[in-house]
Each structure stands twice: as C-alpha cells, then as structure tokens.
Amino acid sequence: MLPDLEQIKQKALQALQRIQDEASLEDWRIANLGRSSSLMMVFDQLGKLAREDRPTIGKQANEVKRMLEIAFSTRADALHQAALQQTLQSQRLDVTLPGRSFSMGKLHPATISLRLVVRAFADMGFQVYRSPEVETDEYNFGLLNMPPNHPARDMWDTFYTSMPNVSLRPHTSPGQIHVMRQYAPQPIRAILPGMCYRYEQINARKETQFNQLEVLAVGKNITLGDLKGTVSDFARRLFGQNIRTRFRASYFPFTEPSAEYDFECLLCNGKGCSVCAGTGWLEIGGCGMVHPIVLQNGGYDPAQFTGFAAGLGTERIMMLKHRIEDIRYFWTNDMRFLEQF
C-alpha cells in the first residue's frame with residue numbers, strides 16, 4: 001500500500017500544477033482531499049490491515065495528506081494573486097482624475113428666515129421659548145379670552161384632529177399661556193417661534209402651513225409705546241433705517257387695544273403689486289396690549305402687570321428681504337428656488 005500512496009501523491013501534485021483557475025482548484029480539492037478521494041479510502045482500509053503494518057501505513061497516509069493540503073493552500077494563494085493582478089490590469093483606476101464632489105446640504109429658506117428674526121429679537125434681550133404645535137381647545141382659544149361659541153373663533157380656519165377638543169395650533173398665541181404660567185410672577189421678555197396651520201385659500205400671500213413668531217413682554221409699566229418701539233426697531237434691524245412701518249387698528253380677543261402692523265412692500269417700493277395686494281404695504285402680523293383676562297389666566301395680577309404681544313410670519317420677512325413674489329415657493333420643494341439660498 002505504500003507504493004499506492006506514493007502514486008496518489010504524485011498524481012495529485014501533477015494535476016495540481018495544471019490548475020489555472022479557482023473553480024478548477026476546488027474540483028481538485030474534492031477529488032484528492034474529499035471524503036470519497038483515493039487518499040481517504042486508504043484511511044478507511046487501515047482497520048483491515050495487519051496490526052504491525054498499520055502504524056507505518058497510517059503515518060505515510062497522514063504525511064501525504066499534509067503535503068497535499070500545503071500544496072493546495074500554496075496554489076490557492078498563487079491563483080488568487082494572479083486573478084487580482086489580472087483585475088488590476090483590466091480595470092485600471094486612473095487616480096489622477098479629480099474625485100466626485102459632494103453636494104453640501106443647506107438650510108431651508110424658511111429656517112434661514114426664522115433664525116434671522118430670532119437673532120434680531122435676541123439682540124433686543126428676548127429669549128426663545130418653544131411651545132407645542134398640537135394644542136387643546138383650552139390653550140388654543142379658551143385661555144385666550146375665547147370661550148366656547150365665541151364668534152372670534154371664526155377668525156382662524158382651524159385644523160381639528162380626531163381627538164375631541166384637540167387641534168393643530170392656528171397661531172403661536174397659546175404659547176403665551178405656557179410661558180406665563182411657567183415664569184409668573186417674574187417679568188417676561190420671550191419669543192415663541194414655530195409652525196402654524198390654517199385651512200387657508202392658498203395664493204401668493206397665504207399658505208396652509210407657515211412659520212410664525214410670537215413676541216411677549218410682561219412686566220410693570222409696559223405701555224403701547226414700548227410695543228411700537230420694539231416692532232419699529234425690529235424692522236430697522238432687518239431692513240435698514242429707512243424702512244417705513246404703520247399700525248392699523250384691529251381686533252384680537254386676547255389683546256386690548258389691538259392693531260395690525262405692516263412694513264412697506266420692498267418688492268414694489270410701495271407702488272403696489274400682487275404680493276401686497278396693490279396696497280404698497282405687506283401685512284406682517286398682529287399685535288396689542290395683553291388682555292387683562294389673558295394675564296390673569298397666565299398667573300399675573302392685571303392690576304400690577306401689563307404686557308404686549310405681537311405675532312409675525314417669518315416667511316413674509318424673507319419675501320421682503322429677497323423680493324420673493326410667491327409664498328408658495330417655500331413649500332413646493334423646487335430645487336431651482338431652494339438652491340438660491
């Protein structure tokens with residue numbers, strides 16, 4: 001049987017030298033080292049040999065197996081390196097070519113506008129306070145001096161949810177109650193930015209969702225003059241010293257007296273266009289002195305404290321600053337518009 005082992009070894013090594021690819025190498029392994037190979041059959045027959053021949057035959061069979069396994073491993077490495085070199089030659093990479101540049105993300109223009117407005121009020125000493133976008137009926141209307149069935153509720157085309165007395169906030173004014181109840185009776189100078197939602201007729205001036213920023217100041221001896229000075233100073237900080245502003249008497253149930261304030265339309269320089277509805281002025285928001293009932297609901301004594309509140313749409317600020325003619329551009333995800341900022 002020793003000559004048979006030598007013949008098995010020589011035949012296997014000769015066949016191994018003729019192997020030129022990894023698939024054929026695997027076939028060689030199965031044929032010469034697999035369970036049904038001639039070498040493995042020798043191990044199966046050891047039990048049938050004479051007792052004195054078993055050690056010699058077994059030692060030689062293990063030696064042949066070890067040599068074939070080493071030869072197989074060496075040949076596998078050589079074929080792998082050859083395949084790698086062939087791939088490098090056929091699929092050569094030109095490292096001198098410039099790499100593909102990555103397009104960097106940018107802030108959305110609505111975010112840019114919101115940060116611009118927040119920075120202006122922060123410079124005037126106001127602190128940011130965040131409030132929920134989904135509110136109960138009590139915070140959206142009741143605590144703002146609009147009890148159930150109050151006609152002023154029709155001023156906001158509210159999105160109601162399937163949960164009773166829960167809706168998307170149509171304005172940021174509910175945040176007034178949150179911040180007042182948290183800090184009363186301390187003085188407050190806060191801004192409350194965030195998204196609002198209304199069932200609006202969409203046009204160049206109105207959208208169903210928009211960012212709004214609420215301005216709230218509560219303390220002793222705060223007057224309407226403080227409100228007008230704050231709004232006018234804000235306008236000058238954003239648009240320069242020559243920007244014109246105006247206040248128009250209005251009505252809001254949570255302020256008394258109430259007003260709406262406009263900035264001169266910079267798209268048409270006050271001559272009238274589709275964005276300002278031909279008036280030469282662009283409505284920015286509403287304002288007024290905080291109603292005594294709202295102060296009381298927030299935890300302040302109206303006999304000792306007064307305050308003012310104002311709300312403004314930050315997208316309209318961006319429209320004025322960059323002469324954007326249609327508010328719908330902000331939410332249509334048109335890259336031609338977004339990439340300009």
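A residue counts as buried when its relative accessible area is under 20%, as exposed when it is over 50%, and as partly exposed in between, with a 1.4 Å probe and protein chains only. By that scale His-322, with a relative accessible area of 42%, is partly exposed, and His-322 belongs to helix 10. Helices (H or I, at least four residues) and strands (E, at least two) are DSSP runs, numbered from the N terminus.

The model is predicted, so local features need pLDDT of at least 70 and side-chain atom pairs count only at pLDDT 80 or more, while totals for chains, interfaces and linings use all residues. Residues are numbered from 1 along each chain as its sequence is written, and side-chain values use heavy atoms, with hydrogens and water left out.

**Nonpolar cores**

- A nonpolar core is a set of buried Ala, Val, Leu, Ile, Met, Phe, Trp, Tyr and Cys residues joined through side-chain atoms within 4.5 Å.
- The largest nonpolar core holds 45 residues, of which Phe-121, Phe-234, Phe-263, Leu-312 and Ile-317 touch the most other members.
- Among the elements that give two or more residues to this core are helix 5 (109-123), helix 8 (224-239), strand 7 (255-264) and helix 10 (314-322), and helix 8 gives the most, with six residues.
- Phe-234 is in contact (heavy atoms within 4.5 Å) with Val-117, Ala-120, Phe-121, Met-124, Phe-263, Leu-312 and Ile-317, leaving aside its neighbours within four places in sequence.

**Helix packing**

- Axes are lines fitted to C-alpha atoms, for helices over the stretch in contact, and angles run from 0 to 180 degrees between N-to-C directions; angles under 35 degrees count as roughly parallel, over 145 as roughly antiparallel, 65 to 115 as roughly perpendicular and the rest as oblique.
- Helix 3 (residues 38-45) and helix 4 (residues 54-90) pack at an angle of about 155 degrees with their axes 10 Å apart, and the two helices are therefore roughly antiparallel to each other.
- In that pair, Leu-39, Met-40, Val-42 and Phe-43 in helix 3 meet Ile-57, Ala-61, Asn-62, Val-64, Lys-65 and Leu-68 in helix 4.
- The axes of helix 5 and helix 10 come within 8 Å and cross at roughly 95 degrees, and these helices are therefore roughly perpendicular to each other.
- Across this crossing, Pro-109, Ala-110, Ile-112, Ser-113, Leu-114, Leu-116 and Val-117 in helix 5 meet Thr-314, Glu-315, Ile-317, Met-318 and Lys-321 in helix 10.
- The axes of helix 8 and helix 10 come within 11 Å and cross at roughly 45 degrees, and these two are therefore oblique to each other.
- Phe-234, Leu-238 and Phe-239 in helix 8 meet Ile-317, Leu-320 and Lys-321 in helix 10.

**Helix 7 and Gln-176**

- Seven of the 10 residues of helix 7 (residues 174-183) are buried, so this helix is largely enclosed by the rest of the structure.
- The buried residues of helix 7 are Pro-174, Gly-175, Gln-176, Ile-177, His-178, Val-179 and Met-180.
- Gln-176 has a relative accessible area of 0%, and, leaving aside neighbours within four places in sequence, Gln-176 is in contact with Leu-192, Glu-214, Leu-216, Val-290, Val-294 and Ala-309.

**Thr-208 and its surroundings**

- Thr-208 is found in the loop between strand 4 (188-197) and strand 5, and at 23% relative accessibility Thr-208 counts as partly exposed.
- Not counting residues up to four places away in sequence, Thr-208 touches Phe-159, Cys-196, Tyr-197, Arg-198, Glu-200 and Ile-202.

**Backbone features**

- Most residues other than glycine have a negative phi, and most peptide bonds are trans.
- A cis peptide bond joins Ala-184 and Pro-185, with omega of about 5 degrees, and Pro-185 lies in the loop between helix 7 and strand 4.
- Another cis peptide bond joins Glu-256 and Pro-257, with omega of about 0 degrees, and Pro-257 has its place in strand 7.
- Asn-221, although not a glycine, has a positive phi of about 65 degrees; this residue is found in the loop between strand 5 and helix 8 and counts as exposed at 72% relative accessibility.
- Asn-333, also not a glycine, has a positive phi of about 60 degrees; its place is in the loop between helix 10 and helix 11, and at 57% relative accessibility Asn-333 counts as exposed.
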